[in-house]
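Dear colleague,

I am handing over the structure below, and after it I set out what was found. Please read the notes with the coordinates open beside them.

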Amino acid sequence: IWEEEGDMQNKKPPVPKTSEAEREIARIDGTVTLKLTPSNGDVVRWEIGQPATVASAQVKDVGAFQTDEMVLYFVCEDTTGKHETGDCTKWTNKVNVQYNFYDADGLKYCELKADNPKVKIKYTTDGSNPKEGGIYLEPFAISKDAVLLQAVAYYEPVDLYGEVLSTAIPALGKEPEKEEKKIDNDKPLILQQRKSYGNNKAVY
């Protein structure tokens with residue numbers, strides 16, 4: 001922006017637009033709590049599955065916004081009119097897939113579960129891409145030659161995939177292996193302790 005001051009021109013930087021950032025602070029039983037931080041504005045507005053505008057609903061508590069939706073959009077507004085409304089931001093939920101192996105009727109079964117009911121679960125047991133696998137409906141029997149389970153959460157309305165779960169399939173009659181820490185009696189015990197000093201006097 002150029003301003004005339006007599007015979008001089010004074011260049012001032014343009015007024016920044018509004019913006020917004022979100023940070024996940026909690027996740028319990030599929031419900032996510034977000035902290036929303038507005039910049040250059042005083043109101044945050046939101047929409048489900050489509051870009052937010054200044055006509056969208058206002059977030060009542062930017063410090064603890066709770067949702068179980070998969071895709072949200074946020075936009076920051078300056079109601080004083082000093083700052084122009086910037087671009088809206090897109091937030092996508094991260095859904096985890098959990099698994100459970102168990103034996104029944106002489107077969108190894110697998111049960112899958114996602115922490116959000118809005119998604120489907122795709123899976124494979126032959127090492128192929130789970131995004132191209134079958135849809136999980138109920139616990140299923142695993143073939144004896146299968147060694148690797150891969151599964152992924154899938155939100156069909158916007159073709160959104162989560163992170164791929166990959167885990168070895170235990171043999172029939174065996175539980176999944178757990179990491180076990182062993183103590184070596186022939187090695188000395190070493191105690192490690194971190195200390196923080198605030199000044200040079202504390203060090204010496």
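Cys-76 is buried, because its relative accessible area is 1%, and Cys-110 is likewise buried, with a relative accessible area of 0%. Please bear in mind throughout that this is a predicted model. A disulfide, as you know, is a covalent bond between the sulfur atoms of two cysteines, and the structure holds zero of them.

In soluble globular proteins, nonpolar side chains tend to be buried together. The largest nonpolar core in this model has 25 residues, and Leu-112, Phe-140 and Leu-149 are those with the most contacts inside it. At least two residues of this core come from each of strand 8 (71-77), strand 10, strand 11, strand 12 (120-124), strand 14 and strand 15, and strand 15 gives the most, with four residues. To return to Leu-112, its contacts, leaving aside neighbours within four places in sequence, are with Val-97, Gln-98, Tyr-99, Ile-121, Tyr-123, Tyr-136, Phe-140, Leu-149 and Ala-151.

Which strands does strand 15 pair with, and in what sense? Strand 15 runs antiparallel to strand 12, and five bridges join the two, with Lys-120 standing opposite Tyr-154 of strand 15. Strand 15 also pairs in the antiparallel sense with strand 17 (residues 165-168), over four bridges, and there the bridge partner of Gln-150 is Ser-166 in strand 17. With strand 16 (residues 160-161), strand 15 makes two bridges, again in the antiparallel sense, and Tyr-155 stands opposite Leu-160 of strand 16. The hairpin of strand 15 and strand 16 has four residues between the strands, and in this hairpin Asp-159 takes a positive phi near 55 degrees. Strand 15 is mostly covered, given that seven of its eight residues are buried.

An open sheet of three strands is also present, with the order 10-11-14 and antiparallel pairing. Its edge strands are strand 10 (97-104) and strand 14, each of which pairs on one side only. On average, and with direction ignored, neighbouring strands of this sheet are turned by 35 degrees against each other. Strand 10 and strand 11 (residues 107-114) are paired in the antiparallel sense over eight bridges, and Tyr-102 stands opposite Tyr-109 of strand 11.

Ser-143 has its place in the loop between strand 14 (140-142) and strand 15 (148-155). Is Ser-143 buried, exposed or partly exposed? Ser-143 counts as partly exposed because its relative accessibility is 40%, which lies between the 20% under which a residue is buried and the 50% over which a residue is exposed. The side chain of Ser-143 also makes a polar contact, at 2.8 Å, with the side chain of Asp-145.

Another loop residue to look at is His-83, whose place is between strand 8 and strand 9 (89-92). In contrast to Ser-143, which is partly exposed, His-83 is buried, because its relative accessible area is 14%. A polar atom of the His-83 side chain lies 2.7 Å from the backbone oxygen of Pro-16. Not counting residues up to four places away in sequence, His-83 touches Val-15, Pro-16, Thr-18, Asn-40 and Asp-78.

Finally, there is the pairing of strand 3 (residues 19-28) with strand 4 (residues 31-39), which run antiparallel and are joined by nine bridges. In this pair Arg-23 stands opposite Lys-35 of strand 4. The hairpin of strand 3 and strand 4 has two residues between the strands, and within this hairpin Asp-29 takes a positive phi near 50 degrees.

With best regards

Technical notes. Residues numbered from 1 in each chain as written. Predicted model: local features only at pLDDT ≥ 70, side-chain atom pairs only at ≥ 80, totals over all residues. Heavy atoms only, no water. Buried < 20%, exposed > 50% of the residue type's maximum accessible area, 1.4 Å probe, protein only. Polar contact = N/O pair within 3.5 Å; in protein donor to acceptor, adjacent residues only side chain to side chain. Disulfide = S-S within 2.5 Å. Pairing = 2+ DSSP bridges. Axes fitted to C-alpha atoms, helices over the stretch in contact; angles between N-to-C directions. Core = buried A, V, L, I, M, F, W, Y, C linked by side-chain atoms within 4.5 Å. Contact = heavy atoms within 4.5 Å.
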